[in-house]
Amino acid sequence: MKNNTILKTERLHAHYILDVYGKAKVIKAVNDVDLAIQENEIYGIAGESGCGKSTLLKALAAAVEPPLRIISGRVTYRIAGAEVDVSTLTQEEKRRLRMEYIAYVPQGSMSVLNPVARIRDTYRDFIESHISVHQKSEAFALAKEHLSELGLPVKILDAYPHQLSGGMRQRVTIALATLLKPRIIIGDEPTTALDVVVQRGVVQLLKDVQAKLRNTIVLVTHDMGVHANIADRVGIMYAGKIVEEAPTEKIFSTPAHPYTHYLINSLPKFGDKSPRESVPGSPPSLANLPAGCPFHPRCPHVMDICKQEMPGFTQVASNHKVACWLVGEGTHGKAA
Ligand code: SF4
């Protein structure tokens with residue numbers, strides 16, 4: 001593990017094994033994923049719904065539970081200078097890892113905020129369950145200090161969740177998740193269902209938190225506009241696999257994978273009223289992936305070899321790699 005790599009996956013395969021009327025059904029949600037996420041970076045994971053992004057986050061957050069299983073490969077953290085393989089941890093150690101080291105920001109704030117409790121009570125419960133405080137007033141003071149540091153109005157502590165806007169609820173959720181200054185924040189579509197202006201405020205808060213804590217954010221969203229705004233590097237995920245990875249600027253200026261081209265071309269452009277290009281066809285079922293490159297049934301450049309073999313990664317530039325036969329044969333082997 002490089003010195004500044006804080007979280008790594010190696011040839012990670014994570015599948016759901018379901019029992020459907022006595023027959024095993026396998027959903028191949030994460031397939032052969034290699035990531036090396038650095039300290040003090042914002043790493044974005046992009047792709048359509050159902051491509052395995054959220055499952056990958058579960059594996060990264062050491063939150064894999066049946067029916068999801070790690071089939072092969074591993075997830076490694078660097079904690080206090082030591083490399084820790086998640087598969088060697090007990091359930092209790094994984095729980096402590098999630099409490100002390102990683103913060104998870106989910107898509108909907110209502111899964112975190114209690115609808116019948118004031119924000120101050122949710123804060124107090126969170127603080128009391130994570131650190132020892134002797135009095136309620138101590139927890140309240142800590143909550144106020146934290147909200148002020150993030151530039152959020154402390155009066156929201158007196159509100160019930162339904163009295164806040166969707167954007168403010170999401171900001172409160174982020175504030176709560178970052179109270180204990182986690183080294184890694186994992187965000188699963190934290191801006192989905194918010195309008196563009198509100199989304200900007202939530203993205204800005206995430207940026208501010210990262211700049212202040214100098215920690216790492218792994219952010220999943222299908223919205224390429226959010227990645228353009230916030231991510232240092234982006235991994236493009238398709239059918240459970242990262243098919244392209246590069247610094248954000250390169251992903252947008254010189255995308256190499258046909259799927260990435262579509263994702264970028266589907267973005268609205270200021271002043272351009274022509275219809276945007278969307279990805280043709282539908283994403284494949286993770287229970288029944290096509291042979292070879294899983295994008296081949298939708299790809300305008302498909303060749304015979306694409307239908308038979310998955311290309312390995314080719315390094316097209318510094319920090320820019322892509323898995324596509326158009327670019328080269330790759331060096332990673334023929335990934336399943
Ligand atoms: Fe298209 Fe072939 Fe590249 Fe897959 S490997 S994206 S099918 S050209």
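How many nonpolar, polar and charged residues does the shell around the ligand have? By class, eight residues of that shell are nonpolar, three are polar and none is charged. Please keep in mind that this is a predicted model.

**Around the ligand**
- The ligand takes up the space of the largest cavity.
- Among the residues around the ligand are four cysteines, Cys293, Cys299, Cys306 and Cys324.

**A cis peptide bond**
- Proline 66 and proline 67 are joined by a cis peptide bond, with omega at about 10°.
- Proline 67 belongs to the loop that runs between α1 (53–60) and β4 (68–79).

**Two alanines with positive phi**
- Alanine 80 is not a glycine, yet its phi is positive, near 50°.
- You can find alanine 80 in the loop between β4 and β5 (82–85).
- Alanine 80 has a relative accessible area of 82%, so this residue is exposed, the cut-off being over 50%.
- Alanine 239 is another residue other than glycine with a positive phi, here about 50°.
- The loop between β9 (233–238) and β10 (241–247) holds alanine 239.
- Is alanine 239 buried or exposed? Alanine 239 counts as buried because its relative accessibility is 6%, and buried means under 20%.

Terms used:
Residues numbered from 1 in each chain as written. Predicted model: local features only at pLDDT ≥ 70, side-chain atom pairs only at ≥ 80, totals over all residues. Heavy atoms only, no water. Helix = DSSP H or I, 4+ residues; strand = E, 2+ residues; numbered from the N terminus. Buried < 20%, exposed > 50% of the residue type's maximum accessible area, 1.4 Å probe, protein only. Near = heavy atom within 4 Å. 1 Å grid on protein atoms, 1.4 Å probe; cavity = no way out; pocket = protein on both sides within 12 Å on 5 of 7 lines; lining within 4 Å. Sits in = over half its atoms within 2 Å of the grid points. Nonpolar A, V, L, I, M, F, W, Y, C, P; charged D, E, K, R; others polar.
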